[in-house]
Amino acid sequence: MLQRSLLLACAGLAVATVNEEAKVGGACYHNEQCRMKPVANARMKAMMMRKASHIDECTKKHECPPPKRAQGRHNCVDGKVSFEGEVYDCQGVDLMSYISQADLGSPVNGNDIWGWTDPETGHEIAIVCLGDGTSFVDVTDAENPTVLGYLRGTHYPASVAWRDAKVYKNHAYIGSEVADHGLQVFDMTTLRQYYGRTGVNVPNLSNTAFYDEFGSSHNIVINEATGMLYAVGTRTFRGGPHIVDIREPANPRFVAGWDTDGYTHDAECVVYHGPDSRYSGKELCFNYNEDSLTIVDVSDKENIFMVSRTEYNNNFYCHQGWLTEDHSMLIMDDELDETYASTDANKKTRSLVWDVKNLARPVHQYDYISSEYSVDHNMYIKDNIAYQSNYCAGLRIIDARDLGNATAELAFFDVAPYCDTTTTRGVTFQGTWSNYPYFKSGNIVLNSIERGLFVLRVQDGVLNNLRLRAGPKKL
């Protein structure tokens, strides 16, 4: 059980700048530092136990939401979408289609999601992560999606709540918290043979390549500009970034790792083009390290060093975040602050807004507080609009440059009508895990833990408003 004292131990504010030598070797298995286990008190272990117990309790009480049949388009009218006896609250977002987990290829809980656009045909493919594998769904015709195939995890049917996928040069890279899972590599172009397929039996797919220099992992981070993959939360480098060269997509090679700040839960790695000229053109990773925002210069893999490490008040579990497009600000979520808030008034979703114009001294500037009682999870920014997957509260679409304004929320779609986010009962780990908002079509794919794949679209009038708001205004 996650003890409150553990969560409070590192609260406060601290900034440090240190230089540390990276641990570099020809192969991870030949590198003593690489094979070190993560720090014993990593908060993630307690977090995983908490989520697993929540799912177990739901199952034992027979209270888990039942699956639904596949659906086509349902427009959001008067703030509602209804099907199969349930009402989904919404504002400015239509349901284009829905596919259950069983129809995706396996009747187990869902988690992460990503996307790929075929550079030759323009097909838009959702990469839907489930407990025991990954489903690939053609959502080009958003009202009539097609499940193309299912890639089982390396130890199928072993199933866990955590799987993650990212894409580089037409290849998907998939990690999981299943023990000794490793990194699956899948050539997305092989899906072309299944475009337009019919039938209910989902084809089983096979790995294109496999990387075994780490076992389990929590998240996969890719910098597409450099061709470097950063596996975080592995059992190597104390859970810190495990760096893999994927410039030859089907031939991943171990490069280095960094363990100075211990466990990294998630990260965003970029070639920096923000206002701090000291780091212009450098490859930086913005790491979300359970109790801190830790910025690391990874430009020289033989001399990785920490730019800054900053904690913040009411720190319970620093989970994930995303930079604004000009790299001057970022928005972060803390996954446990709503759960452990001391008063009900503080259990509404909190997004932390950071000024990172000075990378050596990031500043937690202010908080954006949602109207809903819900836990926040993964979030991405596109055209200065943030797309948040906030568990029971569903997809929340907010103006990333105007979070100090009460009108910052622009649209939403609640995929978990069995959660009541008007009360503190909404502060639980049900609903949406993640979303992918980067398709050129404007369609958004979202993974629901209990239900499956939702294909959503912002209504044209709202979309035009988003485009107008995506101008030069600064945070």
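In the predicted model, Thr117 stands opposite Glu124 in β7. The strand β7 covers residues 124-130 and runs antiparallel to β6. The two strands are joined by 6 bridges.

This pair belongs to an open sheet of 4 strands. The strand order is β6-β7-β8-β9. Pairing within the sheet is antiparallel. The edges are formed by β6, residues 110-117, and by β9, residues 146-152. Each of these edge strands pairs on one side only. Neighbouring strands of the sheet are turned against each other by 20° on average, with direction ignored.

A total of 3 cavities reach 30 Å³ or more. The largest cavity has a volume of about 90 Å³. Its lining is made up of 16 residues. Among these, Trp162, His218, Asn219, His377 and Trp433 are the closest to the centre of the cavity.

Two or more residues of this lining come from each of two elements, the helix α2 (43-60) and the strand β10 (163-168). The greatest contribution is that of α2, which supplies 3 residues. By residue class, the lining of the largest cavity comprises 6 charged, 6 polar and 4 nonpolar residues.

Terms used: Residues are numbered from 1 along each chain as its sequence is written. This is a predicted model: local features need pLDDT of at least 70, side-chain atom pairs count only at pLDDT 80 or more; totals for chains, interfaces and linings use all residues. Side-chain values use heavy atoms; hydrogens and water are left out. Two strands pair if DSSP finds at least two bridges between them. Axes are lines fitted to C-alpha atoms, for helices over the stretch in contact, and angles run from 0 to 180 degrees between N-to-C directions. On a 1 Å grid over the protein atoms alone, a cavity is a set of points where a 1.4 Å probe fits but cannot get out, and a pocket is an open set with protein on both sides within 12 Å along at least five of seven lines; lining residues have an atom within 4 Å of a point. Grid points are joined across faces, edges and corners, and a volume is the space filled by probe spheres set on the points. Ala, Val, Leu, Ile, Met, Phe, Trp, Tyr, Cys and Pro count as nonpolar, Asp, Glu, Lys and Arg as charged, and the others, Gly among them, as polar.
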